[in-house]
Amino acid sequence: MQAWQVHENGEPSEVMRLTDTEPPTPGDGQVLLRVRAANVNFPDALLCRGQYQVRPPLPFTPGVEVCADTEDGRRVIANPALPHGGFAEYALADANALLPAPDSLDDAQAAALHIGYQTGWFGLHRRAHLEAGETLLVHAAAGGVGSAAVQLGKAAGATVIGVVGGAAKAAVARELGCDIVIDRHTEDVVAAVKEATGGRGADVIYDPVGGQAYTQSAKTVAFEGRIVVVGFASGTIPSPALNHALVKNYSILGLHWGLYNTKNPALVRHCHEQLTALAARGAIEPLVSERVPLEDAARAVQRVADGETTGRVTVVLEKGAAA
């Protein structure tokens, strides 16, 4: 089979190599998956760089989110078990973690439903308890993680403010349903949020960026507001001033979605049921901006790492796998 492998850490475009290799052999509790589509996530770039919280042994195949077929013919979505990730014709996954792929979504959309939407659902509902009528501010609203949060926020009845970088991404955010879009390249984010909310600020702020975005979050969060810390795509991990959280009376909530897979897997399955129902009625639909063939996976990961994409870029294996 063909698989992308990383033999040394570095930038994805430099260290990912497409190779011919044998399909992986499942270990105890694992299943072999024939990959239909593999979604590109920012963690794939961090894996290549050796900067992710999980560091698989070299060589490894990145790709942490797939839609695939099991050997008994089920169409599923899964997080592949590294080092045998999804940017390959075959991958491995834990048998007890497979989820049914929604019939309402094609392979690329189904592959993109899992991590971003699970993270959004847990962040907005489990951690921040977003309520209808509240204002939700989403940083990087046109990106893969942000676009999921925008759709979930709208489905929950919130007013959604999207912060983006550039006119093209602003157009995408509007198409996603943002009620207000702020271009951080041309607007003062703090002033724009205060103007949009009558000086009150946002009830819930969803931040996968960190750095300057977190600084803006702390200045625009409302009384009894909640800042959900999802990640640090900017590369800068902020150091919150806890006295500010005390004086302004807001909460800082960390979210590590992957922990739920071990701490409360039943809740992950419940979330998937909720997401499947939302997809079936058209309330959410993963924004797959590009579908690329397997041979373009390294370039796709690099472009996501460089912040050049909107929504999700998905590697699609249209012709099926050949062992």
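Predicted model: local features only at pLDDT ≥ 70, side-chain atom pairs only at ≥ 80, totals over all residues.
**Exercise 1.** Work out how the axes of helix 4 and helix 11 are oriented to each other, and which residues make the contact.

*Solution.* 
- Step 1: Start with what you need. Two packed helices are described by the angle between their axes and the distance between the axes.
- Step 2: Get those values. The axes of helix 4 (residues 115-127) and helix 11 (residues 265-280) come within 10 Å, and they cross at roughly 100°.
- Step 3: Classify the angle. Anything from 65 to 115 degrees counts as roughly perpendicular, so helix 4 and helix 11 are roughly perpendicular to each other.
- Step 4: List who touches whom. Helix 4 brings Tyr 117, Gln 118, Trp 121, Phe 122 and Arg 126. Helix 11 answers with Leu 267, Val 268, His 270, Cys 271, His 272, Gln 274 and Leu 275.
- Step 5: Sort that contact by class: you get seven nonpolar, four polar and one charged residues.

**Exercise 2.** Track down the aromatic pairs in the whole structure and describe their geometry.

*Solution.* 
- Step 1: Count them. Searching the whole structure turns up two aromatic pairs.
- Step 2: Take Trp 121 with Phe 122. Their centres are 5.2 Å apart with 80° between the planes, and planes over 60 degrees apart count as edge-to-face. Both Trp 121 and Phe 122 are buried.
- Step 3: Now Phe 122 with Tyr 260. This pair is tilted, at 4.2 Å centre to centre and 40° between the planes.
- Step 4: Phe 122 sits in helix 4 and Tyr 260 in helix 10 (residues 260-263), so the pair ties together parts 138 residues apart in sequence.

How values were computed
Residues numbered from 1 in each chain as written. Heavy atoms only, no water. Axes fitted to C-alpha atoms, helices over the stretch in contact; angles between N-to-C directions. Helix = DSSP H or I, 4+ residues; strand = E, 2+ residues; numbered from the N terminus. Parallel < 35°, antiparallel > 145°, perpendicular 65-115°, else oblique. Contact = heavy atoms within 4.5 Å. Nonpolar A, V, L, I, M, F, W, Y, C, P; charged D, E, K, R; others polar. Phe/Tyr/Trp six-rings, centres within 6.5 Å; stacked < 30°, edge-to-face > 60°. Buried < 20%, exposed > 50% of the residue type's maximum accessible area, 1.4 Å probe, protein only.
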